[in-house]
Amino acid sequence: MAHASKHSLVDTLMQVADDLDGRGLVHRTVEDDALEDNRITIDGRAMVNFGSCSYLALERHPRLVAGSASALRRFGTQFSSSRAFLGLRMYEDLEAALERIFERPVVAAATTTLGHLAAMPVLVHDDDAVILDLQVHSSVQMAAQLLKARGVPLHIIRHNDMAQLERKVALLQGQHRRVWYMADGIYSMFGDFAPLPELVALLDRYKGLHLYIDDAHGMGWTGDRGCGYVRSQIPHHPKMVLAISLNKSFASAGGALVFPDREAADEVKSCGGTMIFSGPIQPPMLGAALASTELHLSGEITALQEELAGLIRHTNARIRELQLPQYCEAESPLFFIPLGLPRLVAKLANRVQRDGFYVNVATFPATPMRQGGLRFMINRALTREDIDRMLASVAWHYPRVLAEEGLTIADVARAFRLPSLPVPPLDTASTEGASTRGLSVERARTIAALDPALWDGLFSGAGNHTHAGLRLLEGVFADGAEPENRWDFHYRVVRDDAGRVVAATWYTVSLFKDDMLAPAAVSRRVERMREADPGFLVSRTVMLGSPISKGRLLHLDRSHPAWRQAVALLLSELQATQEAAGARQVMVRDFAYGDDPELRQLMLDLGYAEQRLPDVCLVEDLDWPDHDAWLERLGQKYRYNVRREILPFVDTFDLVTTSPESDAEIDACYALYCQVHARSYEMNVHRLPRAYFAALCRHSDYEVLRLYLRDDPRGADRQPVAVMFSFVEGGAYSALIVGLDDATLRTHNTYKQILYRTVHRARDLGCERLDLAYTAVLEKKKVGARPHPVAAYVQAQDHYNHAVLEAMGQQA
């Protein structure tokens with residue numbers, strides 16, 4: 001998807017959070033006055049808790065309870081001082097005990113997240129570079145933002161892609177003193193592991209490569225003395241820093257950092273921001289942490305680990321017996337059952353919870369939109385009977401949820417890019433798939449296959465996609481010379497069984513610059529990288545309309561009782577095209593932003609998040625009687641701007657409204673467009689071919705306004721200094737593309753002048769509405785336009801490209 005603003009991202013997160021909250025899956029409250037085991041009560045319903053990360057179930061262990069109570073009695077509820085000034089001796093005792101587990105220097109932190117925030121800015125120097133795994137924990141990504149703000153280059157690699165990592169390291173090692181790779185030992189959503197042997201091989205092969213790895217989910221339940229997953233698989237490499245959690249399996253509070261040498265540990269302890277300016281682990285939990293460490297150093301921990309390992313083996317065996325799918329089978333207490341869209345995952349989780357089992361949902365944005373699933377954890381306090389009953393519930397509901405949605409396990413496998421998956425048998429024929437009965441889809445690959453009267457009846461006045469307008473686009477782009485100007489055209493019309501059109505649209509498959517809406521500085525940097533790699537951050541995209549279309553691209557009869565099913569049917573067509581074309585994302589545009597909560601919820605249910613696009617600038621009152629009346633409508637501020645910046649230059653230009661005819665005239669207009677395109681990084685798109693502009697000049701529905709300087713010394717050979725290409729049809733005047741001469745842009749305010757002329761030309765032609773498109777909102781407001789928020793509904797296969805752009809943001 002296009003790079004979005006922070007505000008837009010928050011809006012998207014709120015959409016998903018509100019939806020899950022409304023479905024009763026987040027922000028829940030345990031109502032019990034006391035907890036004795038894994039039984040909890042939510043909304044009056046007793047449940048077995050499969051959402052706990054306390055893998056060894058030590059929170060009620062007598063040693064930990066006694067340690068916490070003793071510290072509480074001796075030191076009270078808190079010791080309120082930064083460790084930089086004063087700390088309890090228990091802190092030193094805890095670090096010393098942890099060093100016995102890891103046999104390396106250890107610094108404790110109030111939380112693992114605060115540990116990251118302390119360590120990473122100290123360890124990573126300004127002449128270093130950082131590579132993040134795409135799925136590394138959010139707390140690591142958050143700390144990495146501090147590095148980005150300092151100008152440290154951040155790079156992203158696809159999840160666990162060691163070949164891409166090696167290429168990045170080889171590229172960066174000559175430019176930076178050190179290259180840090182940051183990853184998780186066990187990833188918290190899918191439960192898969194980091195490829196540790198391969199990482200060790202890379203550490204040995206590349207002198208400048210260092211590893212910062214978060215093993216929060218691996219600590220305690222595995223490894224000698226509970227040293228965790230990472231240290232159970234590899235020794236502590238001299239270029240590795242390990243972050244762990246004292247929560248989760250360790251059942252206390254806080255985190256810790258394990259260093260390869262004392263010098264690094266002392267630097268972080270003395271200079272880490274949160275080591276100085278944040279509070280400590282408080283005495284009761286410090287006592288519990290020390291007691292847990294002593295337990296892990298005793299022989300007792302091995303038996304507890306073996307108990308959990310037996311439950312994990314039992315869970316994996318039972319999953320296989322029930323033919324439930326797993327993203328990956330591993331000897332880990334964190335399990336993930338793949339399913340798909342958030343709505344499907346919510347449906348399955350709700351039903352499993354109604355059966356008495358609390359499970360988590362793992363969905364967008366923590367996972368890609370179509371890669372959500374059921375997430376549950378196994379802990380030592382669960383019984384085999386608990387596990388069997390929960391898995392039986394999942395196995396009963398899973399195939400029914402798929403069937404109700406008209407999906408198969410093959411659809412799930414495709415979404416997760418897995419070769420195949422098992423599925424529990426569905427022993428009833430009564431479950432019906434998602435209903436689109438009574439609706440049919442007419443498909444076409446060229447507009448010539450559709451009736452012009454029908455199409456124009458649906459889309460007249462909606463933009464430059466009338467039947468004739470689409471013939472023009474196909475003539476230029478269906479077989480374009482360059483890959484970026486070669487589009488696949490698709491047309492869909494959905495009818496009911498009486499032949500009534502319920503929905504219709506057209507869409508293209510094309511190459512799309514992912515930085516189209518990124519800050520201009522980011523796009524400039526991306527374009528420099530494209531000089532060596534033209535395909536960098538360029539995605540094949542399925543898009544309603546085309547890269548050069550705007551306006552209403554979807555006809556939807558909301559009065560029809562089956563309009564929602566028609567939308568679902570169209571989106572399934574888009575998805576099928578996406579899979580066939582190998583496209584990375586689907587973009588359904590353009591809609592009024594925030595104006596249609598009913599459609600927004602439907603699109604979210606179908607896996608499409610609303611993303612805000614740049615505002616479109618419209619002039620919707622073109623009925624002023626004379627120029628003075630137009631000025632009066634502008635308001636005092638903009639009247640002043642017009643009188644100062646536009647009107648003094650009116651007599652310096654000649655306006656030509658006839659379309660260019662000769663090749664020389666078309667070349668001159670195209671050259672002006674190319675000058676604008678070369679510096680238009682605020683909306684970074686592929687350059688359009690000359691053939692497109694030649695076609696516009698020959699088409700009766702397009703108007704080409706040109707401005708010439710009256711005192712141009714070239715006389716009859718003068719060239720235009722501004723051009724506006726517009727589509728005029730159905731009472732609407734749509735300004736599409738502008739071209740400007742850089743030499744006169746500021747001396748004669750040519751951009752403001754062409755906007756002014758376009759407004760008055762639309763009024764002179766009797767149009768009811770003028771669309772001045774996107775960007776340059778302030779300049780367009782000066783001539784009477786008003787910004788209107790616009791949105792698209794987007795579904796991407798993954799968020800890799802977006803993450804790369806985010807990482808590049810500050811560096812640009």
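**Entry 1: Val359**

I started with Val359, which sits in the loop between strand E11 (357–358) and strand E12 (360–362). Helices (H or I, at least four residues) and strands (E, at least two) are DSSP runs, numbered from the N terminus. The model is predicted, so local features need pLDDT of at least 70 and side-chain atom pairs count only at pLDDT 80 or more, while totals for chains, interfaces and linings use all residues. Residues are numbered from 1 along each chain as its sequence is written, and side-chain values use heavy atoms, with hydrogens and water left out.

Is Val359 buried or exposed? I found Val359 buried, with a relative accessible area of 2%. Buried means under 20% relative accessible area, exposed over 50%, and partly exposed in between (1.4 Å probe, protein chains only). Not counting residues up to four places away in sequence, Val359 touches Phe50, Ala349, Val352, Gln353, Leu374, Arg375, Phe376 and Met390. Contact means heavy atoms within 4.5 Å.

Next I looked at the loop between E12 and strand E13 (372–377), where I found Ala366. Ala366 counts as partly exposed, at 46% relative accessibility. Pro365 belongs to the loop between E12 and E13 too. The peptide bond from Phe364 to Pro365 is cis, with omega near 10°.

I then looked up another cis bond, the one from Arg589 to Asp590, with omega near -5°. Asp590 is in strand E19 (residues 585–592). A reminder to myself: most peptide bonds are trans, and most residues other than glycine have a negative phi.

**Entry 2: positive phi**

Which phi does Arg225 have? Arg225 is not a glycine, yet its phi is positive, about 60°. I located Arg225 in the loop between E7 and helix H8 (229–233), and at 24% relative accessibility Arg225 counts as partly exposed.

Arg417 has a positive phi as well, near 55°. Its place is the loop between helix H15 (409–415) and strand E14 (439–444). With a relative accessible area of 47%, Arg417 is partly exposed.

**Entry 3: helix H16**

Which residues of helix H16 (residues 452–459) are buried? I noted Trp455, Leu458 and Phe459. Seen down the axis of H16, these buried residues fall within an arc of 80°, so they line one face of the helix. The arc is that of the directions from the helix axis to the C-beta atoms. Ala453 and Gly457, on the other side of H16, are exposed.

The cover over the buried residues of H16 includes helix H17 (467–477) and strands E15 (488–496), E16 (501–513) and E18 (554–556). After H16 comes Gly461, with a positive phi near 80°.

**Entry 4: helices H21 and H22**

Two packed helices are described by the angle between their axes and the distance between the axes. For helix H21 (residues 627–634) and H22, I noted axes that come within 6 Å and cross at roughly 130°. That makes H21 oblique to H22. Axes are lines fitted to C-alpha atoms, for helices over the stretch in contact, and angles run from 0 to 180 degrees between N-to-C directions. Angles under 35 degrees count as roughly parallel, over 145 as roughly antiparallel, 65 to 115 as roughly perpendicular and the rest as oblique.

On the H21 side, the contact is made by Trp630, Leu631, Glu632 and Leu634, and on the H22 side by Gln636, Tyr638, Arg639, Val642 and Arg643.

Finally I checked Glu645, which is in helix H22 (residues 636–645). Glu645 is buried, at a relative accessible area of 13%. Leaving aside neighbours within four places in sequence, Glu645 is in contact with Asn749, Lys752, Glu779 and Lys782.
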